[in-house]
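The following note sets out, point by point, what the model shows. Please read it alongside the coordinates.

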Amino acid sequence: MSDQTVVDYHPMWAELGLDLPSHDALLGAVGQLFGDAYLTQDNRPKGMDYLNFVMSEVHGLRVKELDDFRKAGGKVVGTFCLYVPEEIIRAAGGWCVGLCAGAEFAYDQVEQIMPRNTCALIKSFMGFKLGKVCPYIQESDLVIGETTCDGKKKAYELLSELHNVYVMELPQMKRDKDIAMWRGEIVELMAKVEELTGKKVTAESLRASIKEVNDKRRALQRIAATRAADPAPISGKDALLATQVAFYDDVPRFTQMMNVLADELDQRVASGEGVAPMGAKRVLITGTPMALPNWKLHDIIEKAGAVVVGEEMCTGSRYYQDLVSEDAATLDEMVDDIAEKYLDINCACFTPNQGRLDDVVRMAKDLGVDGVIDYSLQFCNLYEMESNAVEQTVRDAGLPVLKITTDYSMEDVGQLSTRVEAFLEML
Ligand code: BJ8
């Protein structure tokens, strides 16, 4: 991806049925947001050039790759949640793209079909679909939903009137019988994807895809580990961007480029080079996912002089901290391992969800944080309800905690900045 020739993608976007004027406006706004949040940072690692380039082509080159893949007979599968196993889709010859959206769009249309008090993540992906501005969903031959929160469950019913949707049933507890049930769902997903791609999943193809996706997670783990250093070698914003891009970039290329970035970060740690001065306040964020281009909270914290050193969220540690075992000999054993690994993810849709609380405390200690920010999207009952336990647990661990509830609008940036600055001052 080093050829920087300017290509006009409008014919491709028109072919995909996008609303071109709205789409141009969206891309312009995202470009401006990226410039303000990212390109104003000092002393960024050189390895971030790759992610800058990916962002400059966010609806361009990658979409063209998907387009070419499909025109050659390939199938693209869109997903909204960490529980959908990418390994299965790749083993059947498909490509996976994340579809969660992190910006307000066409809310007027969305609010005609769902309540206003729906979380921003759901309203945003529906808005992107209704407003015809998302090339990724247009490139998705199948969209896979999951029964996590009530809002998503019902949103998938609405989305299925507009797109080809398949929903996986996710248990809400983690007993043996739940793992068995979840395994059955994965077997059914495999059949569904095999039918879509016309390719059978074999022990060989699944082994290869487990390794490939693990390698991607290992690269992100390497980046995350360097953030324990003081000074932190990479900003929280840049690390967040790496995880956000992991959901839709080409897997081997992304892994390779993130390992290059991790090599550079290792060198920075060895030479004591950081993005913020040594001793800058260190913050862990826990909560709901931050889909592209939602950089709001990181931007506020880091512009206030602190550094985000970890994210206990689906666009963070929950995505890469666990790997699927690579020891299985048979296809059946691999499916067992996938079911087990995926049910280990600690989403607030599970009860009880002690694993998340344990992760927050462990990460806070490992990363040497000064304080924790508990972040919920407004109207997300699951994470807002779990907030009380998070706050109590963090306080019991001897750390200050700030609870923030917000959405994708920029209207509360001033008010949030004041609260964050006051919190940082008392750390
Ligand atoms: S595994 S966090 S990606 S469900 S913010 S839509 S929960 S009302 S996004 Fe999630 Fe999977 Fe869980 Fe992760 Fe509902 Fe809450 Fe909205 Fe949410």
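1. What covers the buried residues of helix α3 includes α2 (20-37), α4 (61-71), α12 and α13 (251-271). Helix α3 spans residues 48-56 and is mostly covered, with seven of its nine residues buried; buried means under 20% relative accessible area, exposed over 50% and partly exposed in between (1.4 Å probe, protein chains only). The buried residues of α3 are Met48, Tyr50, Leu51, Asn52, Phe53, Val54 and Met55. Helices (H or I, at least four residues) and strands (E, at least two) are DSSP runs, numbered from the N terminus.

2. On the source: this is a predicted model, in which local features need pLDDT of at least 70 and side-chain atom pairs count only at pLDDT 80 or more, while totals for chains, interfaces and linings use all residues. Residues are numbered from 1 along each chain as its sequence is written, and side-chain values use heavy atoms, with hydrogens and water left out.

3. Threonine 147, in the loop between β3 and α9, is buried with a relative accessible area of 17%. Leaving aside neighbours within four places in sequence, threonine 147 is in contact with Lys153, Val167, Met168, Glu169, Leu170 and Gln172, contact meaning heavy atoms within 4.5 Å. Proline 171 is placed in the loop between β4 and α10 (176-197) and counts as buried at 6% relative accessibility. Not counting residues up to four places away in sequence, proline 171 touches Asp178, Met181, Trp182, Leu343 and Phe350. From proline 171 to methionine 181 the C-alpha to C-alpha distance is 7.5 Å, at ten residues apart in sequence.

4. Another open sheet of four strands has the order β6-β5-β7-β8, and its pairing is parallel. Its edges are β6 (307-312) and β8 (401-406), each with a single partner strand, so one side of each is left without a neighbour in the sheet. Neighbouring strands of this sheet are turned by 25° against each other on average, direction ignored. Strands β5 (residues 282-287) and β7 (residues 371-377) pair in the parallel sense over five bridges, with isoleucine 285 opposite isoleucine 373 in β7.

5. A cis peptide bond joins leucine 292 and proline 293, with omega about -5°; proline 293 lies in the loop between β5 and α14 (296-303). Threonine 351 and proline 352 are also joined by a cis peptide bond, with omega about -10°; proline 352 is found in the loop between α16 (331-343) and α17 (354-366).

6. Alanine 106 has a positive phi, near 50°, and sits in the loop between β2 and α6 (107-110); alanine 106 is buried, with a relative accessible area of 15%. Lysine 132 has a positive phi, near 55°, in the loop between α7 (120-130) and α8 (135-138), and counts as partly exposed at 45% relative accessibility.

Methods. Two strands pair if DSSP finds at least two bridges between them. Axes are lines fitted to C-alpha atoms, for helices over the stretch in contact, and angles run from 0 to 180 degrees between N-to-C directions.
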